[in-house]
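Student: Could you take me through one part of this protein up close? I'd like to see how that part sits in the rest.

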Amino acid sequence: MVSGGRTIHVSGQLAWDADAKLVAPGDLAAQTDKVFANLGTALAAAGAGFGDVVKLTTYVVDLQPDDRKVIAAIRNRHLQGHLPASTLVGVAALVEAGARIEVEAVAVVP
């Protein structure tokens, strides 16, 4: 349960670099790391950080059982032990060919 504070919704982040070019097409690990870096940047711009995240939704193209371990290891490195509610969804495609992962977040800042 969350009460009070300011709620921040961060739309789906892809593994895009500063020039909006996809990083490491098809490489789930490299893209996951970039996605969480982008998510951190978006949160910081709104005055929040990973510790303020209360919900993550992750979309993965061609989700396989071992993908969860890859994503979890990278996610946990960025979240540093903070474990928000989370949903992992397998999808057929994302907005850009070669994109394997997209993550959206909800954060609450007191």
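Which residues are buried in α2?

Tutor: Happy to. First, the ground rules: this is a predicted model, where local features need pLDDT of at least 70 and side-chain atom pairs count only at pLDDT 80 or more, while totals for chains, interfaces and linings use all residues. Residues are numbered from 1 along each chain as its sequence is written, and side-chain values use heavy atoms, with hydrogens and water left out.

Now your question: D67, I71, A72, I74, H78 and L79 are the buried ones in α2 (buried means under 20% relative accessible area, with a 1.4 Å probe and protein chains only). Those buried residues pack against α1 (28-45), β2 (53-61), β3 (85-91) and β4 (101-109); contact here means heavy atoms within 4.5 Å.

Just past the end of α2, Q80 takes a positive phi of about 50 degrees.

Zooming out, the protein has two helices and four strands, in the order β-α-β-α-β-β along the sequence. Helices here are DSSP runs of H or I with at least four residues, and strands are runs of E with at least two, numbered from the N terminus. Of the protein's 110 residues, 35% count as buried. Among contacts between residues at least 6 apart in sequence, 79% join residues at least 24 apart. The C-alpha trace spans about 40 × 30 × 20 Å along its principal axes.

Definitions and conventions. Buried < 20%, exposed > 50% of the residue type's maximum accessible area, 1.4 Å probe, protein only.
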